[in-house]
Amino acid sequence: MDPAHKRQMVENVFLTFATKQAELFKQYDANRKKRSKIFLQRLRYQLKRNGENHRKEWSAKLEAELLESIPTRKIWKLSRNDRWFREMFEQEDNDADLLQYFRMGRVMYDTVVAMLQQDLAPHPLLAAQSCSTEKKVGIGLYKLTTGADYTTIGNMFGVHKATVKNCVHQFCKSMVKNYMDTEIYLPDQEEMVELSKTFEEKSDIPLIIGAMGRLHVPITPSHITCGHVGATEDSAVLGDSGLYQHFDGAELHGYAIPTTTEEETFNEHLSKARVCVNEAFVRLRSRFRILQRKIDIDINFVPQILLTCCILHNFLEKNKVPFLDSWTEGLPESNQKFPQPDEWMSLNYTTTVEGESVRDVLKEHLHSKYVLFRTIEYNQEYFLSEGTN
């Protein structure tokens with residue numbers, strides 16, 4: 001082998017060695033950087049963890065030092081519980097107690113809760129609306145049926161008086177929004193026929209489908225009037241109401257000063273038709289005793305209270321919920337403190353000409369029925385007497 005060839009082989013060996021050495025140095029440098037990065041990451045994590053531990057430790061020490069250095073005093077907190085409400089609804093077969101306090105039994109109470117579930121469901125973010133639907137309905141009904149103040153109701157249901165106010169407002173707004181049109185409405189044609197028959201059976205006067213009366217509901221403050229003062233005649237209130245716009249007809253009243261027997265008879269039969277108004281008001285005020293005392297609620301919300309009472313009254317009457325006579329025991333005292341309008345003391349009747357014509361026709365109709373009835377009765381009595389002799 002010649003020297004040149006040997007020299008070439010040696011150079012190739014050295015070149016291969018140099019290349020391999022360079023690759024090894026490059027790989028070593030990459031591994032060194034990778035290990036350094038891992039080491040730094042571990043070191044950074046360790047420092048962070050130690051720093052958090054030290055921060056928590058020193059924060060606890062600093063908080064303890066500050067609390068010890070600041071003068072403190074005990075804070076009194078009222079403890080509330082809803083034991084009365086829970087015991088009331090955990091018991092079985094206690095419809096009598098539910099009827100006394102809420103004017104309805106368990107089945108009807110659950111029905112009302114289901115009716116208002118969507119509007120009165122507890123709000124997950126608002127503490128003032130965190131009560132269950134059952135408790136909100138119970139608070140609203142108890143306020144209407146007893147008229148108790150917010151503080152008393154709050155103690156019984158285990159909530160603050162501000163929460164009681166919110167529950168009452170939510171309950172009444174939901175009732176009016178969802179059920180006023182279905183529970184307070186004008187009758188359709190078939191219902192008018194049935195009502196007319198019922199009124200005619202009671203009073204012998206045909207074509208009556210309803211009766212109107214006045215109710216004194218005491219409010220606070222008492223000097224506010226909502227459209228009409230307390231001594232306003234029925235006709236004026238009716239003429240300004242939305243109900244009057246649904247009917248076209250003459251205004252008809254009884255005879256203010258009857259001069260004949262026929263006129264007295266007409267007034268007597270007309271009073272029989274109006275008895276249902278007083279009976280309805282008695283049952284309404286007996287069920288919801290909030291109407292027997294001054295309503296301690298914002299004057300702007302009183303119409304919602306009255307509408308809710310009327311809606312619930314119609315709902316309970318339609319479902320034939322029992323009415324206890326003992327509920328009427330407080331009415332005489334309430335009537336003495338807050339006198340009700342005397343329907344028979346009003347003498348300033350305003351009867352139109354058309355109304356007088358209708359009234360005269362009805363008067364003659366009653367007179368003919370009354371004379372016919374008396375004649376038949378007399379003949380029967382005379383025939384029986386003659387047969388006996």
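Biologist: Which residues make the nonpolar surface patch of about 400 Å²?

Modeller: This is a predicted model, in which local features need pLDDT of at least 70, side-chain atom pairs count only at pLDDT 80 or more, and totals for chains, interfaces and linings use all residues. Residues are numbered from 1 along each chain as its sequence is written, and side-chain values use heavy atoms, with hydrogens and water left out. The nonpolar patch, of about 400 Å², is made by Phe 39, Leu 40, Leu 43 and Leu 47.

Biologist: Is Leu 47 buried or exposed?

Modeller: Leu 47 belongs to helix H1, which covers residues 3-69. Buried means under 20% relative accessible area, exposed over 50%, and partly exposed in between (1.4 Å probe, protein chains only). Because its relative accessibility is 54%, Leu 47 counts as exposed.

Biologist: How many disulfides does a search of the whole structure find?

Modeller: A disulfide is taken as a pair of cysteine sulfur atoms within 2.5 Å. The cysteine sulfur closest to that of Cys 131 belongs to Cys 167 and lies 4.3 Å away, so it is too far for a bond. Cys 172 is likewise in no disulfide, the nearest cysteine sulfur being that of Cys 309, 7.3 Å away. For the whole structure, the number of disulfides found is zero.

Biologist: What relative accessible area does Cys 172 have?

Modeller: Cys 131 counts as buried at 9% relative accessibility. Cys 172 is also buried, and its relative accessible area is 0%.

Technical notes
Patches are made of residues with over 30% relative accessible area and no salt bridge: like charges are joined within 9 Å, nonpolar side chains (Val, Leu, Ile, Met, Phe, Trp, Tyr) within 5 Å. Accessible areas come from the Shrake-Rupley method with a 1.4 Å probe; for residues, only the protein chains shown count as cover. A salt bridge is a side-chain nitrogen of Lys or Arg within 4 Å of a carboxyl oxygen of Asp or Glu. Helices (H or I, at least four residues) and strands (E, at least two) are DSSP runs, numbered from the N terminus.
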